[in-house]
Amino acid sequence: MKLRREYFGKTDPPLEYAGTHTVAVLLWTLKECGASSTRHCPCKMNQLPPKSPLVSPLSESVTSRVDSLDNLSMDSFWLEVENIKQSTEAEQEECSLADVKAQEEGEAEAEWLQDAGLSDLIKDHASENDNVVLLSTLTKTQAAAVQRRLDTYSRSRRRKNKHPVRDVRDIFGVVGSGETVAEKEESSPDQLWHNLRTSNVQKPETQDYSCTVRNSGKEEVFNMDVAYSEQAAVLLKGSFLSESRRIKDGNALTKFKIHKGRLGVTRVGDLSAQDMKKIPTLALIELTALCDVLGFELKRNKAAKLKTTEKKLFGVPLNTLLENDQKLLPNTKVPLLLQALLSCLEKRGLETEGILRVSGSQTRIKSLEQKLERDFYTGLFRWDEVHQNDVSGLLKRFIRELPAPLLTAEYLPAFAAVQNIPDLKQRLQALNLLILILPEPNRNTLKALLEFLSKVVARENNNKMNLWNVSTVMAPNLFMHKGLPNKIPEGKEKQLAEGAADVVRMMIHYQDLLWTVSSFLVAQVRKLNESNSKRYQFCDKRIKNLLRKIHADKDKVEKNQAEPSKVVKVHASLLLKDSLEVHLNNATRVADVLRQFQKNLCQNGWNIVNTVNLLKCNNSTECTNLLLYEVGGNIGERCLDPDTYLLDLYHINPHAEWIIKQNPSYPRMS
């Protein structure tokens with residue numbers, strides 16, 4: 001990559017460090033603030049996956065969209081690249097991530113099926129039950145994406161003269177991509193699978209998405225009720241996408257409002273760990289289906305083995321960092337070092353002009369890294385004596401020196417390829433799915449970083465760092481990694497750099513939307529839980545019985561939905577010995593129940609188990625330290641949106657319990 005060789009001064013004097021703190025002081029410091037040492041190979045901008053031969057004509061707008069960013073300066077990007085290059089010139093002997101090897105034909109499809117929870121489909125002898133449970137929750141576009149990968153894998157096996165993999169249509173009667181269901185008897189395998197696959201799938205053809213066409217200057221609705229791939233298929237079929245959906249002003253970002261259905265919105269963190277483990281698999285299948293519909297190839301890197309390091313902080317895998325940190329502070333979700341770096345910057349650096357952009361001294365930063373390795377866990381490190389530009393340098397160094405990219409080696413090309421999607425809303429849909437696919441430590445760490453970057457942007461008037469400045473500075477640190485291949489097409493450096501910065505900009509600006517679990521994914525989790533709890537036997541001879549049961553359940557739900565009202569009990573065992581009877585009607589929301597509960601606490605003198613710091617009502621019922629959870633039935637646990645309509649939720653999950661708990665973000669009761 002051709003770099004602009006520009007110089008910026010490094011005149012800050014060296015700083016001294018002192019202190020005789022203990023581990024307790026370290027923890028106190030984290031609280032008060034608000035809260036690599038492997039040697040490098042030269043950093044590289046990673047290759048974007050090539051477009052599929054089936055690229056949509058709409059992709060021609062990508063160049064126009066990127067060109068529209070010309071008025072936004074890329075100086076910060078190239079300065080950051082040069083700074084990274086200078087900091088690693090003398091340390092080129094060792095890489096901490098093994099080189100990524102090219103995958104053989106069919107290997108990528110086998111890995112995809114493994115990650116999608118469908119590896120049994122390519123085994124010679126395996127149980128089919130679990131696969132049918134998952135496949136029965138898929139939409140048409142998702143099922144077609146699975147079939148394409150199976151077809152590709154089967155062709156590669158035949159070319160290698162290996163024992164042919166079982167055709168999925170022989171097992172479940174899956175309809176191949178591009179095929180139509182033949183007019184056969186109802187008991188035929190193809191027709192049975194078709195019925196099973198479509199019996200509980202929304203038909204997007206009946207939906208009207210014409211209102212989603214970009215209307216500049218107005219807030220748009222972001223639909224999470226219907227699978228993104230199904231929405232894209234309808235939009236492309238109806239030619240709703242047009243040139244007007246391109247970004248015309250590089251500085252302008254459309255405002256999106258998540259459409260709140262009657263079941264409310266589910267954020268990352270609202271679902272139980274057990275249910276959240278199902279989301280990445282479903283999100284991967286949906287992302288693949290979306291890319292198939294749009295005509296883009298979803299290429300992933302093969303996971304590489306990480307080299308070990310003797311260091312404690314820099315160059316250490318996130319999982320290892322968290323394991324060590326949890327010995328000090330149980331339930332830690334973001335590395336303590338990153339928390340300390342961000343807290344220090346939030347306390348003293350948000351107002352600093354050029355924060356993140358202006359680099360500290362590389363010599364001092366390297367010295368600080370060594371001091372942190374030695375003193376961080378002992379509490380001897382003095383944050384108040386460190387220059388803020390050096391702290392920002394340490395922050396970026398910590399991200400770059402992770403043995404694997406924060407966006408993961410497997411999905412870094414996919415994050416970079418988001419820029420190739422011409423429509424902004426569909427780019428956000430792809431980003432939303434990618435973030436849900438990330439391992440939990442990576443997702444939590446990325447969120448902590450993006451929240452800090454938002455705070456930097458919010459102080460733009462003082463620190464002179466607007467959204468684009470911050471994005472161009474951080475993009476090289478997120479998208480360049482020492483161990484990944486460097487194959488940039490000649491003359492594409494500028495386009496790739498602007499695209500990477502634009503992806504970072506979207507992640508910062510739309511992070512609330514991106515950290516939302518789509519309603520259609522939650523619905524699929526419910527179906528998985530229902531199927532697993534009923535332990536259906538998916539043998540061919542019993543598929544008819546299964547279909548009858550599905551339709552019977554559907555009729556039962558429709559009957560329940562006709563109920564105009566219902567009386568239910570809401571529990572709060574940690575707060576009260578008694579339960580609360582609630583009369584539900586079509587207008588009853590979670591917020592109404594919480595207000596009723598709080599009113600009883602404040603006025604009726606209920607038998608409270610522990611009243612210390614429970615409520616600070618001041619004669620108001622608008623308290624926010626209590627939450628209502630849906631527990632059991634077809635969900636593990638889900639924190640409910642205040643705008644959830646409870647009668648609708650009861651019809652969806654009649655066997656769940658509703659439990660009021662204290663908001664975990666509030667101080668615990670003593």
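**A sheet edge and a buried helix**

Trainee: Which residues of strand β6 sit on its covered face?

Mentor: In a regular strand the side chains alternate between the two faces of the sheet. In β6, Glu581 and His583 make up the uncovered face. That leaves the covered one with Leu580, Val582 and Leu584.

Trainee: Before we go on: this is a predicted model, where local features need pLDDT of at least 70, side-chain atom pairs count only at pLDDT 80 or more, and totals for chains, interfaces and linings use all residues. Residues are numbered from 1 along each chain as its sequence is written, and side-chain values use heavy atoms, leaving out hydrogens and water. So to speak, where's β6: which strands are the edge strands?

Mentor: Strands here are DSSP runs (E, at least two residues; helices are H or I, at least four), numbered from the N terminus. Five of them form an open, mixed sheet, ordered β6-β5-β9-β7-β8. Two strands pair if DSSP finds at least two bridges between them. Those pairing on one side only are β6 (580-584) and β8 (635-639).

Trainee: Which residue stands opposite valine 568 in β6?

Mentor: β5 and β6 run antiparallel, joined by five bridges. Facing valine 568 across that pairing is valine 582.

Trainee: And how many residues of helix α15 are buried?

Mentor: α15 covers residues 388-400. Buried means under 20% relative accessible area (exposed is over 50%, partly exposed in between; 1.4 Å probe, protein chains only). The helix is largely enclosed by the rest of the structure, because the buried count is 13 of the 13.

Notes. The expected span of a helix is 1.5 Å times one less than its number of residues.
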